Amino acid sequence: MKFLSQSISTLARMRMWRIESWIQHPIQAQREVLQDLVTSAQYTEFGRKYNFSELFTVREFKQAVPIHEYDDFKSYITRIMDGEENVLWNTPIHWFAKSSGTTSEKSKFIPVSEESLQDCHYKAAKDVLTLYYNNNPESDLLTGKGLVIGGSHTIHQLNEEAHYGDLSAVLLQNTPFWSDWIRTPDLRIALMDEWETKIEELAKSTILENVTSVSGVPTWTMVLMKRILEMTGKRSMSEVWPNLELYMHGGVSFTPYREQFQQLIGKKINYLELYNASEGFFAAQDNLNEDGMLLFTDHGIFMEFMPVEEYGKKVPRTIGLENVEKGKNYAIVISTNGGLWRYLVGDTVQFTSLSPFRI
């Protein structure tokens with residue numbers, strides 16, 4: 001266990017030069033991502049429809065492919081869920097992340113390819129670890145375990161090869177076997193769907209663990225911590241997990257919860273914000289002293305930014321990183337290695353820094 005943690009820690013620290021490359025050349029990184037995406041998908045049904053084999057610049061890509069919302073992709077995705085291949089992406093899709101989305105009450109099923117798992121979600125997670133070590137060289141993060149508190153984890157089978165669940169379930173199901181040695185709880189508990197039972201099992205199974213990091217939505221994390229304090233009779237979580245040093249959060253503003261967390265934990269720890277959605281891992285805080293999240297430009301996602309005043313126009317205008325401005329509201333439009341093309345996510349962002357690009 002200790003050897004594994006030290007090995008992962010060493011590898012994470014060695015990745016910094018790769019990260020510095022795309023941080024220093026983000027626009028070039030984005031152009032290369034788009035070229036890789038278009039080349040990979042040129043012989044798919046979607047790629048043939050929009051002549052991907054003849055698109056060689058960002059401008060040509062934007063002129064050829066219209067902006068899409070989920071309903072525009074729904075028929076394609078239904079066919080992929082029924083087992084068709086080479087529709088939106090050139091490799092088989094066996095997983096779908098079920099998302100309620102931010103703009104619709106109806107569920108969305110986002111295709112998750114092997115490339116989006118490895119080159120987006122997992123690569124970004126490794127880069128978050130490297131950035132954290134770079135800012136905290138004395139960290140003992142991997143000497144203990146990371147507690148993952150996900151959402152509703154039920155996995156549903158579509159057919160012999162395809163499944164769907166919420167993003168955290170999909171990611172947990174596909175992590176390598178050795179990740180169980182540095183993560184808690186085990187999958188049996190992590191994949192529970194009924195929250196009251198799950199909180200009890202989480203509490204019982206983690207009280208005696210050496211938890212050094214926690215990730216999850218603030219509300220359920222607080223419920224778990226309060227239950228553990230009830231069960232142990234301790235005054236703060238620092239008495240239960242003395243080596244806890246990091247809490248990772250995302251999806252909602254952490255500001256209303258920060259003071260409650262500090263009281264529950266009882267000592268100073270680090271807080272790190274992530275922007276990891278069903279569609280991809282977009283950004284993470286690289287500087288714990290600043291609120292902005294570093295935009296991940298080399299992770300299988302090509303990003304465009306649509307000024308909010310373009311909403312509702314027949315042909316809305318989007319801009320690239322080279323033209324964004326601080327403090328303006330932009331809707332994110334993405335093309336991904338899961339087969340989403342000029343897809344309007346439904347989230348809006350503001351840039352807090354342009355060098356590097358933080359949102």
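F254 is buried (under 20% relative accessible area, with over 50% counted as exposed and the range in between as partly exposed, for a 1.4 Å probe and protein chains only), its relative accessible area being 5%. The model is a predicted one, in which local features need pLDDT of at least 70 and side-chain atom pairs count only at pLDDT 80 or more, while totals for chains, interfaces and linings use all residues. Residues are numbered from 1 along each chain as its sequence is written, and side-chain values use heavy atoms, with hydrogens and water left out.

A pair of aromatic rings is described by the distance of the centres and the angle of the planes. Rings of Phe, Tyr and Trp (its six-membered ring) pair if their centres lie within 6.5 Å; planes under 30 degrees apart count as stacked, over 60 as edge-to-face and the rest as tilted. By this rule the count comes to 26 aromatic pairs. The rings of Y247 and F254 are tilted, because their planes stand at 45°, with the centres 5.6 Å apart. Both Y247 and F254 are buried. F254 and Y271 also form a tilted pair, with ring centres 5.2 Å apart and planes at 40°. This pair links distant parts of the chain, 17 residues apart: F254 is in the loop between β8 (246-250) and α13 (255-265), and Y271 is in strand β9 (residues 270-277). Helices (H or I, at least four residues) and strands (E, at least two) are DSSP runs, numbered from the N terminus. Y271 is buried, with a relative accessible area of 7%. Elsewhere, one aromatic cluster is formed by F46, Y50, F52, F61, F73, Y76, W89, F302, W341 and Y343.

Strand β7 (residues 211-216) has six of its six residues buried, so it is largely enclosed by the rest of the structure. Strands pair if DSSP finds at least two bridges between them. Strand β3 (residues 145-149) runs parallel to β7 and is joined to it by five bridges, with G146 opposite S213 in β7. Three bridges join β7 to β8, which also run parallel, and S215 stands opposite M248 in β8.
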